[in-house]
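Hi,

Here is the structure I promised to pass on. Have a look at it first, and then read my notes below.

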Amino acid sequence: MTDEEKAQQAARTRAKIMDGLARAERALFTRPAPKSARAQMKFLRKREKGSTKSLAERLGVSRKTVQRYLSGASTKPNKRLQQALVQETESEWQPQVRAQARQRATTSGGLVIKFRASLGFTANGSSDDARIRDLSIAVSPSHAALILAAQEEGATDTDLHKAVAEAIADAYFRQGGGGCASLEAEFRDVQWLEIEFQPHGIHDCDRPVL
């Protein structure tokens, strides 16, 4: 695989992880976020303290465009603007609910990562060859903290991928640090990935089954 192909694969994996985290947060909402472009614009304008200029800059559109949607003159945004409105609205919606869930995940609950991907490892001359696996893995609060911090800080494709791969390796191969501590994990060819906030604590003895 060339460097360019590796970079493209890393970008695709990062997109799946970021999308999985976004869906996990949406699942926490106790009330649905605004759906129409006008309602989203109104909500985001409040978050920008009433400034249509700041909102326009945030969305990458003109101030006139923002005003047209606020007035109802425009109702059907193009694909790019629609995606931006959804993403920005959901990132601001019910911040206390999301903050509480993230705090719980990093202190007691951890995360559950479900995926279909190629996973394997090598360590001390032995190996478990990489192969496509369908798994649901509960990762520890410490790894959840690293993943969520990487998300918040806008980590690079490689860094975010590494945070998730290490969490999976620690839970699945190392069993919470109890074995294969020197392994090198391989996590790639992600076909699908889901993330859930874990409401209760997990135990070191938890280990998923193939």
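This is a predicted model: local features need pLDDT of at least 70, side-chain atom pairs count only at pLDDT 80 or more; totals for chains, interfaces and linings use all residues.

**What turned up**

Leu-59 counts as buried because its relative accessibility is 2%; buried means under 20% relative accessible area, exposed over 50%, and partly exposed in between (1.4 Å probe, protein chains only). This leucine is found in helix 3, residues 52-59.

Residues are numbered from 1 along each chain as its sequence is written, and side-chain values use heavy atoms, with hydrogens and water left out.

Now the overall picture. The protein has 8 helices and 3 strands, which are DSSP runs numbered from the N terminus (helices: H or I, at least four residues; strands: E, at least two). From the N terminus on, the order is α-α-α-α-α-α-β-β-α-α-β. Of the 210 residues, 43% are buried.

Helix 1 (residues 3-26) has 24 residues and reaches 35 Å from first C-alpha to last, close to the 34 Å expected at 1.5 Å a residue. That expected span is 1.5 Å times one less than the number of residues. Its buried residues include Ile-17, Leu-21 and Glu-25.

Next, the charges. Side chains of opposite charge can pair when their charged atoms come close. A search of the whole structure finds 14 salt bridges, each a side-chain nitrogen of Lys or Arg within 4 Å of a carboxyl oxygen of Asp or Glu.

- Glu-25 pairs with Arg-98, with the closest N and O atoms 3.9 Å apart. This pair links distant parts of the chain, helix 1 and helix 6 (residues 95-109), 73 residues apart. Glu-25 counts as buried at 9% relative accessibility, and Arg-98 is buried at 11%.
- Lys-114 and Glu-196 meet at 2.9 Å, N to O. They join strand 1 (residues 111-123) to strand 3 (residues 184-197), 82 residues apart.
- Arg-188 forms a salt bridge with Glu-186, the closest N and O atoms being 2.2 Å apart.
- Arg-47, Glu-48, Arg-58, Glu-88 and Glu-92 are linked in a network of salt bridges.

One last thing: which residue follows helix 7 with a positive phi? That is Gly-154, with phi near 65°.

Cheers
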